[in-house]
Amino acid sequence: MEIYVVKQGDTVGRIAGEYSVSAEEIIYINQLADPSLLVIGQALLIPAGERNTQKRQARINGYAYPFIDDFTLRQTLPFLTEVSVFSYGFTPEGELIPPALDDTFLIEQAYEFRTLPILTLTPFGADGQFNNYLIHSVVQSESASAALTANLTEMVVRKGFAGTDIDFEYILAEDRDAFTAFVRRVAEAMHGIGRQTSVALAPKQSADQKGLLYEGKDYGGLSAAADYVLLMTYEWGYTYGPPMAVAPIFQVRKVLDYAVTEIPREKIRLGIPNYGYDWPLPFVKGETKARTIGNVEAVQIAAANGAEILFDERAQSPYFYYEADGIRHEVWFEDVRSMQAKFDLIEEYALNGAGYWQIMRLFRANWELLADRFEIVK
């Protein structure tokens, strides 16, 4: 696979001729809705030459809601070791709350593609936000912790999940050790029935990093308790923040530099965002809200508005500006260049693999590039 950046005057036919591939292949892999509307600066994945045969193994996870459409799911599952079903909640007493929609089809489809379905546990309150009162109530209570672990075990067996992913955020500093003990308890229960346990970690850059996202997460203790960890290396650019790359490589590298001092490399999965943001300008703190968009959609927005796609070399991320209805916009997203940079880190740091948040939008070029770089464990 090669990456080609579109220049002024390029056409799909001309690029196809240069690489001796069919225009249809380029259109298909890059999901070009209108092949006549290439964007200057757009990165295209070109299936040039033979597949790479010297590949290291990687375990790839992707999060999915039960309402994922069947086509996107079936297009994506061949590239996943696991799919994490998002998500199961719980009460302060440890009762399990299944997703509002039935996830049976997602579990069945996963096994059809030899992909392991994983139950994702989240502490969402009634408002749909992470709730540290729920976390505190369970991890600090022997009865609630035992009940939740037992209910998790029963659900995993009954529905055929291959394990549990614990995705707790905004853990209070006072609950740090109790949370680690809870993860250990769940992992031991999962091991008892031949299942696995993973845990999501906020992207810390030092052991003593301050902030509600970080102080409740003990990298060393949690990695010792769980089989794998997911570093949530994204959301530097986020809905209510100023425009910037979602996962700037220089920030991701800082997280990895710290993480490998606390966690065995073979347990680390790099978090990868499968989305971008569109900010209206000017940005006003507390008022401006970015719109979440897909990576293919981002290019379509650029094409529709005659924008040129730029590339930030330090962040290793594409971005562009456009104007619509009298409002200027700034867009940051992911393309095959930014994904390539993340795959490079997986190899450089000898990590276990990657975890995608999330797979609800199809990004075919990413998956083709991933398969060209790694042997995906099934």
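Residues are numbered from 1 along each chain as its sequence is written, and side-chain values use heavy atoms, with hydrogens and water left out. Since the model is predicted, local features need pLDDT of at least 70 and side-chain atom pairs count only at pLDDT 80 or more, while totals for chains, interfaces and linings use all residues.

View 1. The structure has one cavity of 30 Å³ or more. A cavity here is a set of points on a 1 Å grid over the protein atoms alone where a 1.4 Å probe fits but cannot get out, and lining residues have an atom within 4 Å of a point; the volume is the space filled by probe spheres set on the points, which are joined across faces, edges and corners. Around the largest cavity sit Asn61, Tyr63, Glu82, Ser84, Ile118, Asp165, Ser198, Val229, Leu230, Arg269, Ala354 and Gly355. Strand 3 (56-64), strand 4 (82-90), strand 9 (228-231) and strand 16 (353-357) each give two or more residues to this lining. Strands are DSSP runs of E, at least two residues, and helices are runs of H or I, at least four, numbered from the N terminus.

**View 2. Thr122, tucked into a loop.** Look between strand 6 (116-121) and helix 5 (132-139) for the loop with Thr122. Thr122 counts as buried because its relative accessibility is 0% (buried is under 20% relative accessible area, exposed over 50%, partly exposed in between, with a 1.4 Å probe and protein chains only). Its side chain makes a polar contact of 2.7 Å with that of Ser87 (a pair of N or O atoms within 3.5 Å; within protein, one must be able to donate a hydrogen and the other to accept it, and residues adjacent in sequence count only if both atoms are side-chain atoms).

**View 3. Two cis peptide bonds.** Leu281 and Pro282 are joined by a cis peptide bond with omega about 0°, and Pro282 belongs to the loop between strand 11 (276-280) and strand 12 (291-293). Another cis bond runs from Trp357 to Gln358, with omega near -15°. Gln358 is in the loop between strand 16 and helix 12 (364-373).

**View 4. Positive phi at Arg114 and Glu235.** Arg114 isn't a glycine, yet its phi is near 55°; with a relative accessible area of 57%, Arg114 is exposed. Glu235, also no glycine, has a positive phi of about 80° and is partly exposed at 32%.

Terms used. 1 Å grid on protein atoms, 1.4 Å probe; cavity = no way out; pocket = protein on both sides within 12 Å on 5 of 7 lines; lining within 4 Å.
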